[in-house]
Amino acid sequence: MRGTNCAEAETFATTDLLPQDAQALLDDPGSGVFAGRTWWDVVLANAMPGGARALFVAIRSAGQTLALLPMLRTGNRLTSLTTPYTCEYAPACAAGLDQATRIAAMVAFGRFCRPCGVVRLDSLPAEWNGLGDLENGARRAGLHVLRFDHFGNWYEDVAGLDWSAYVLGRAGALRETIKRRLRRADKLPHAQFDLLTREAQMDRAVQAFESVYQRSWKDAEPFPAFNAALMRASAASGMLRFGVWSIGSQPVAVQFWVVRNGHAIVLKLAHDEAFKAHSPGTVLTALMLRHLLDQEHVTQIDFGRGDDAYKQGWATRRRQRIGVLLVNPWRISGMAALTRHTLGRFRAALRGSRPITPN
């Protein structure tokens with residue numbers, strides 16, 4: 001398909017209202033966890049801020065969907081439809097588009113954004129191959145594009161590795177900790193590891209998750225129903241890997257993983273601080289990874305959002321998630337954003353460092 005100047009934005013409130021070819025982008029077997037229909041439907045039902053509404057922005061031309069961008073409108077504010085649980089976000093583009101058409105689609109999206117003054121997209125992979133097209137299209141639509149760092153994502157490519165080979169690749173201190181803690185766990189009376197994956201097991205999984213979470217160090221969830229809903233939906237789609245380590249009848253550590261296309265991502269984990277002496281978090285991480293590597297032969301393990309220190313032992317590679325602000329300089333809010341950015345760059349230059357854009 002060649003580039004076109006007649007692409008236009010159309011908006012839809014839910015996934016089932018989308019045109020059929022736009023729905024096909026959500027149902028693409030090659031799409032990631034955070035781009036499929038399961039994810040969006042759970043977000044719409046369980047992670048919407050008060051007063052906000054979803055806008056699935058389909059960029060269409062000649063009756064065909066070129067790109068789909070799930071967005072969130074809160075009053076006059078427009079942002080990506082991302083949540084505290086989102087690990088990755090990117091516009092979905094139809095297969096087979098040439099670069100001119102991809103840029104034309106992003107020009108249409110830029111025109112859609114202009115009335116808002118400032119539009120924020122976040123959780124974007126810095127390595128996403130469509131980032132240049134997005135920025136190019138936005139600029140052609142008359143917008144300024146400002147980048148900022150959002151969060152880090154630690155991961156490890158493990159194709160061809162079994163558990164033993166993976167452990168050999170860890171730093172010496174962690175390697176010894178894993179061996180020592182697993183030996184102790186094996187000798188602990190009534191300790192048990194369970195992997196729950198099926199819909200019929202979800203009542204038990206949700207009960208274990210909520211029980212351990214309430215007794216952990218974790219803060220209260222911003223959307224309390226979200227994790228349980230995503231667990232149930234992930235089990236229905238075959239993606240869920242929910243691990244529980246118990247001592248006696250008491251669950252003391254839980255981990256919520258999803259696996260899609262060989263990519264295993266941990267979305268939530270928690271352990272009971274009362275059992276800290278047994279290192280339940282380390283034990284359960286080891287048991288989960290041993291299963292994922294030896295039984296499922298995953299090709300990548302992913303520790304989700306953030307630069308928590310513990311992740312850097314289990315995974316050695318980091319990739320950056322970024323955000324972009326699409327700014328209309330002819331709107332008051334856009335002028336204010338550009339002014340803040342310019343002042344930030346000026347102050348950073350005086351300090352001899354890079355500017356920091358608040359998250």
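**Exercise 1. Describe how helix α3 passes helix α4, and state which residues meet.**

Solution. 
Step 1. Start with the handedness: α3 passes α4 in a right-handed crossing. The model used here is predicted.
Step 2. Locate the two helices. α3 covers residues 99-113, and α4 covers residues 131-140.
Step 3. Read the geometry. The axes come within 7 Å and cross at roughly 55°. That angle makes α3 oblique to α4, because angles of 65 to 115 degrees count as roughly perpendicular and those under 35 as roughly parallel.
Step 4. List the residues. α3 supplies Gln-99, Arg-102, Ile-103, Met-106, Val-107 and Phe-109. They meet Asp-133, Leu-134, Asn-136, Gly-137, Ala-138 and Arg-140 of α4.
Step 5. Sort them by type. The contact of α3 with α4 has 6 nonpolar, 3 polar and 3 charged residues.

**Exercise 2. Is Asp-133 buried or exposed? Find its helix and its contacts.**

Solution. 
Step 1. Check its accessibility. Asp-133 has 5% relative accessibility, so it counts as buried. The cut-off for buried is under 20%.
Step 2. Find its partners. Residues up to four places away in sequence are not counted. Asp-133 then touches Gln-99, Arg-102, Ile-103 and Met-106.

**Exercise 3. At what angle do helices α6 and α9 pack, and what makes the contact?**

Solution. 
Step 1. Recall the two quantities. Two packed helices are described by the angle between their axes and the distance between the axes.
Step 2. Apply them. α6 (residues 172-187) and α9 (residues 280-294) pack at about 95°, and their axes are 9 Å apart. The angle makes α6 roughly perpendicular to α9.
Step 3. Name the residues. From α6 come Thr-177, Ile-178, Arg-181, Leu-182 and Ala-185. From α9 come Thr-282, Val-283, Ala-286, Leu-287 and Arg-290.
Step 4. Sort them. The contact of α6 with α9 has 6 nonpolar, 2 polar and 2 charged residues.

**Exercise 4. Where does Thr-83 lie, and what does its side chain reach?**

Solution. 
Step 1. Locate it. Thr-83 is in the loop between β4 (77-80) and β5 (92-93).
Step 2. Check burial. The relative accessible area of Thr-83 is 7%, so this residue is buried.
Step 3. Follow the side chain. The side chain of Thr-83 reaches the backbone nitrogen of Tyr-85 at 2.9 Å.
Step 4. Look farther along the sequence. Leaving aside neighbours within four places, Thr-83 is in contact with Trp-39, Val-43, Ala-47 and Arg-305.

Definitions and conventions:
Residues numbered from 1 in each chain as written. Predicted model: local features only at pLDDT ≥ 70, side-chain atom pairs only at ≥ 80, totals over all residues. Heavy atoms only, no water. Axes fitted to C-alpha atoms, helices over the stretch in contact; angles between N-to-C directions. Helix = DSSP H or I, 4+ residues; strand = E, 2+ residues; numbered from the N terminus. Parallel < 35°, antiparallel > 145°, perpendicular 65-115°, else oblique. Contact = heavy atoms within 4.5 Å. Nonpolar A, V, L, I, M, F, W, Y, C, P; charged D, E, K, R; others polar. Buried < 20%, exposed > 50% of the residue type's maximum accessible area, 1.4 Å probe, protein only. Polar contact = N/O pair within 3.5 Å; in protein donor to acceptor, adjacent residues only side chain to side chain. Left-handed = near helix turned anticlockwise from the far one by under 90°.
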